[in-house]
Every structure is written in C-alpha cells, then in structure tokens.
Amino acid sequence: MMRVFSKINRKIIESKGEKFLTKLPNRYYVRGRGSNDERPSRLPLINERIRDRTLMLILPKSIKESDQSFNDKPQIVDRFTALSLAKHHQLDLVCVSNKSEPIVCKLMDFHKETFLSKQKQKEKKSQQPKADVKEIRMKAQIDQNDFERKANLIEKIIEVDNRCKISASATNKHLRADPQCIEKITEKIVKWGESKKLKVFEEQSSNPLQRRKFIISK
C-alpha cells in the first residue's frame, strides 16, 4: 500500500486504485516504501538523498594513492561508510547509476564536475560551425521585375555564402485564381538555376501544394 500525504480520504483512493494516483494534482505528493525510483524528483541523488543501505562505491585516484587498503575495483560498502568517507575527504557521494543492484555511486566534487561539464558543452557549441543559410521568400504570383530583382540578390548571396534558400508560397486566394501557380513558380526557379549553371535542390515540404523550398548552390 502506498502512503499518500494529502487530505484525500484513504478509502476513496483504495476504491479508485493506482490509476487514480496518476491523475492527482502536483500538490499531492505520492511516495512508496520501496527504492528511490518511486519518488518523483528532479534533484540529483547525492549525499543524504541516497537512501539505499548498500551501494557499489567508485573511488577517485587520489584516495586510492593515499590509502593502499582500497583496491582499484569498485567496492560494495554500506551507506554510512560511504558518507563518512565523503565527509572525511570533503567530497560528495553521487549516484551515477540507480538501475543496478546495488546502485553505483562515486566520490567527487559534484559542483566542480557540473561546472566543468557545462563549460565543455559551451566550448563544443562554440566550435560547431554555424550553418545559417539566408532565405529569400517569393510569392507564387510574383511579377517578372520582382523575380529578376530577387534573382540578382540570390546571386550576390551565393557569391559570398556559396548557397541560398528560396521559399515559394501560394495563398488560398492565389490557388483559387490559378491552381497551377505553385508548379509554375517551381519551373521558373529551376529554369533560372539551370541558366545560371547553379544547382537547385528541392527540400521536402509538409504542404507541397501551397509551399516549396529550394536550396541554390554553386
């Protein structure tokens, strides 16, 4: 039987069953008597939040070198011993895997490790090349003068960035006036690309009858 900390009558919950518990608002906190997995929490399992009696402990190299009594392999210890070791070396006891039996924990400086991991993620993002492609939008019933003006702009963009995106769209009003307008602008873009000796690649569109997208490159 699960313990429910709320003002709801226990008899109502017992008659409704476990499915009723999932429909409760967030203010009704449900907790089981089993392992930590039954407690819905986004907080990391560190130090006193780890409630398992036994756990598999991974020690850092600094502790292994200072105390030769510890082996290189992870050791199965009780919770009190792991917490006392963490307190003695001014480290945190962090659960790295709670799906195994017993759970796997590691001694580390938790705040330092999280800070370093965030810094590495920022460096990876900064090193990734930015793939921003400039986009030119056209209407299906575009005038010839406007088409030539935007075509010249596309050529200038390709000279600098080597590629450009074209988005051709047709409104419902345009489709009622000319159902083939989106096909006509597609043929016009393809012919213009071939005349300029450019590669025209059409991307997949969720609504090809009303919108088309192209990548123009050298």
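A residue is called buried under 20% relative accessible area, exposed over 50% and partly exposed in between, for a 1.4 Å probe and protein chains only. On that scale Arg-163 is partly exposed, because its relative accessibility is 37%. The structure is a predicted model, in which local features need pLDDT of at least 70 and side-chain atom pairs count only at pLDDT 80 or more, while totals for chains, interfaces and linings use all residues. Residues are numbered from 1 along each chain as its sequence is written, and side-chain values use heavy atoms, with hydrogens and water left out.

**Confidence**

- The mean pLDDT of the chain, where pLDDT is the predictor's confidence in each residue from 0 to 100, is 77, and 76% of the residues score at least 70.
- For residues 1-9 the pLDDT is below 50, and this stretch has 23 contacts (heavy atoms within 4.5 Å) in the model beyond near neighbours in sequence.
- Residues 18-40 also have pLDDT under 50, with 33 contacts in the model beyond four places in sequence.

**Overall architecture**

- The chain contains 8 helices and 10 strands; helices (H or I, at least four residues) and strands (E, at least two) are DSSP runs, numbered from the N terminus.
- Of the 218 residues in the chain, 29% are buried.
- Counting contacts between residues at least 6 apart in sequence, 55% join residues at least 24 apart.
- The accessible surface, from the Shrake-Rupley method with a 1.4 Å probe, comes to about 16600 Å², and carbon and sulfur atoms account for 48% of that area.

**Nonpolar cores**

- A nonpolar core is a set of buried Ala, Val, Leu, Ile, Met, Phe, Trp, Tyr and Cys residues joined through side-chain atoms within 4.5 Å.
- The largest such core has 21 residues, and the members that touch the most others are Ile-154, Ile-185, Ile-189 and Ile-216.
- Two or more residues of this core come from each of β7 (135-139), α6 (144-161), β8 (163-169), α8 (181-195) and β10 (211-217).
- Another core lies apart from it and has 15 residues, including Ile-50, Leu-59, Val-77 and Cys-95.

**Contacts around Ile-216, Asn-162 and Arg-163**

- Beyond its neighbours within four places in sequence, Ile-216 is in contact with Ile-158, Asn-162, Arg-163, Cys-164, Ile-166, Ile-189, Trp-192, Leu-198, Lys-199 and Val-200.
- Asn-162 and Ile-216 are 54 residues apart in sequence, and their C-alpha atoms are 8.4 Å apart in space.
- With neighbours within four places in sequence left aside, Asn-162 is in contact with Ile-157, Ile-216, Ser-217 and Lys-218.
- Arg-163 belongs to strand β8, and its C-alpha atom is 9.2 Å from that of Lys-199, a residue 36 places away in sequence.

**Backbone geometry**

- Most residues other than glycine have a negative phi, and most peptide bonds are trans.
- Asn-162, in the loop between α6 and β8, is not a glycine but has a positive phi of about 70 degrees.
- Asn-162 counts as partly exposed because its relative accessible area is 43%.
- Asn-47 also has a positive phi, near 50 degrees, and is found in the loop between β2 (29-31) and β3 (54-58).
- Asn-47 counts as buried because its relative accessibility is 17%.
- The peptide bond from Glu-101 to Pro-102 is cis, with omega near 0 degrees, and Pro-102 is found in the loop between β5 (92-97) and β6 (103-108).

- Thr-186 is found in helix α8 and counts as buried because its relative accessible area is 8%.
- Not counting residues up to four places away in sequence, Thr-186 touches Glu-202, Arg-212 and Phe-214.
- Pro-179, in the loop between α7 (172-177) and α8, counts as exposed because its relative accessible area is 55%.
- Pro-179 and Leu-209 are 30 residues apart along the chain, with 8.9 Å between their C-alpha atoms.

**Aromatic rings**

- Lys-188 lies over the face of Phe-147, at 4.8 Å from the ring centre; the criterion is NZ of Lys or CZ of Arg within 6 Å of the ring centre and within 35 degrees of the ring normal.
- The structure has 0 aromatic pairs, a pair being rings of Phe, Tyr and Trp (its six-membered ring) with centres within 6.5 Å, where planes under 30 degrees apart count as stacked, over 60 as edge-to-face and the rest as tilted.
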